[in-house]
Amino acid sequence: MEKHRKKHGIMIVAKALMVILTAVYPLFMVVLSGAGLIYNRESYGSTLAIVGGALIASGVIMSAGAILCLFGKNITSALCLGGGLALCMAMLHKLCEHADRAGWSDKFTMAPISDMYKARILPCIVPVALAAVIATVQYYSYEAVEERRRRRESKEEAANAPAAKIIDD
């Protein structure tokens, strides 16, 4: 019993950490970076406004994947997490490429602005990876495997049940 409680305690801590990191990185950093690009679209151009919209979408999709993970929707969660992260990284690449080509740099340190975008957006990999690990552990847990086995057996029993008599004697 103690071992069972310890496993659930670790999972609760991992989920709490995932929720906090998801709120900070995919929700705030990624979504707000995208919102900033859209807000300044007059000076940045329509291409970066599209990148901003895609960043917002990717942050929302990653957050949805983390929420689905909390409710045990592990396969859907993994699809959202992977898709959202792939979209986010593709948009980060486009944004950094544009910033480097345009020569954007910090006015105080003269460091490339692409470094700032990378520092803000790349850490969203951590909550996504944590959510993916949690979803995998939940999917392959003993309880989940037994529940799937039980459902499969009940479907087989229903399919193999004797048919009702058509003609009464």
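A residue is called buried when its relative accessible area is under 20%, exposed when it is over 50%, and partly exposed in between (1.4 Å probe, protein chains only). The structure described here is a predicted model, in which local features need pLDDT of at least 70 and side-chain atom pairs count only at pLDDT 80 or more, while totals for chains, interfaces and linings use all residues. Residues are numbered from 1 along each chain as its sequence is written, and side-chain values use heavy atoms, with hydrogens and water left out.

Helices (H or I, at least four residues) and strands (E, at least two) are taken as DSSP runs and numbered from the N terminus. Asn 74 belongs to helix 4, which covers residues 74-102. Asn 74 counts as buried because its relative accessible area is 11%. Its side chain is joined to that of Gln 138 by a polar contact of 2.7 Å. A polar contact is a pair of N or O atoms within 3.5 Å; within protein, one atom must be able to donate a hydrogen and the other to accept it, and residues adjacent in sequence count only if both atoms are side-chain atoms. Contact in general means heavy atoms within 4.5 Å. When residues up to four places away in sequence are not counted, Asn 74 touches Cys 69, Ala 135, Gln 138 and Tyr 139.

The packing of helix 4 against helix 6 (residues 125-139) has an angle of about 160 degrees, and the two axes are 9 Å apart. Axes are lines fitted to C-alpha atoms, for helices over the stretch in contact, and angles between N-to-C directions run from 0 to 180 degrees. Angles under 35 degrees count as roughly parallel, over 145 as roughly antiparallel, 65 to 115 as roughly perpendicular, and the rest as oblique. Helix 4 and helix 6 are therefore roughly antiparallel. Residues of helix 4 in this contact include Asn 74, Leu 81 and Met 89, and those of helix 6 include Ile 125, Ala 135 and Gln 138. The residues of the contact of helix 4 with helix 6 comprise 10 nonpolar, 3 polar and no charged. In this classification Ala, Val, Leu, Ile, Met, Phe, Trp, Tyr, Cys and Pro are nonpolar, Asp, Glu, Lys and Arg are charged, and the others, Gly among them, are polar.

Helix 3 (residues 46-70) also packs with helix 4, at an angle of about 155 degrees and with the axes 8 Å apart. Helix 3 and helix 4 are therefore roughly antiparallel to each other. Their contact contains 17 nonpolar, 7 polar and 1 charged residues.

Met 89 is located in helix 4 and counts as partly exposed, at 23% relative accessibility. Met 89 and Ser 58 are separated by 31 residues in sequence and by 9.1 Å in space, C-alpha to C-alpha. Apart from residues up to four places away in sequence, Met 89 touches Ile 121, Leu 122, Cys 124 and Ile 125.

Met 110 is placed in the loop between helix 4 and helix 5. With 57% relative accessibility, Met 110 counts as exposed. Most residues other than glycine have a negative phi. Met 110 is not a glycine, yet has a positive phi of about 65 degrees.

Ser 114 is part of helix 5 (residues 113-121). Ser 114 is buried, at 2% relative accessibility. The side chains of Ser 114 and Asp 100 make a polar contact of 2.7 Å. Beyond its neighbours within four places in sequence, Ser 114 is in contact with Cys 96, Ala 99 and Asp 100.
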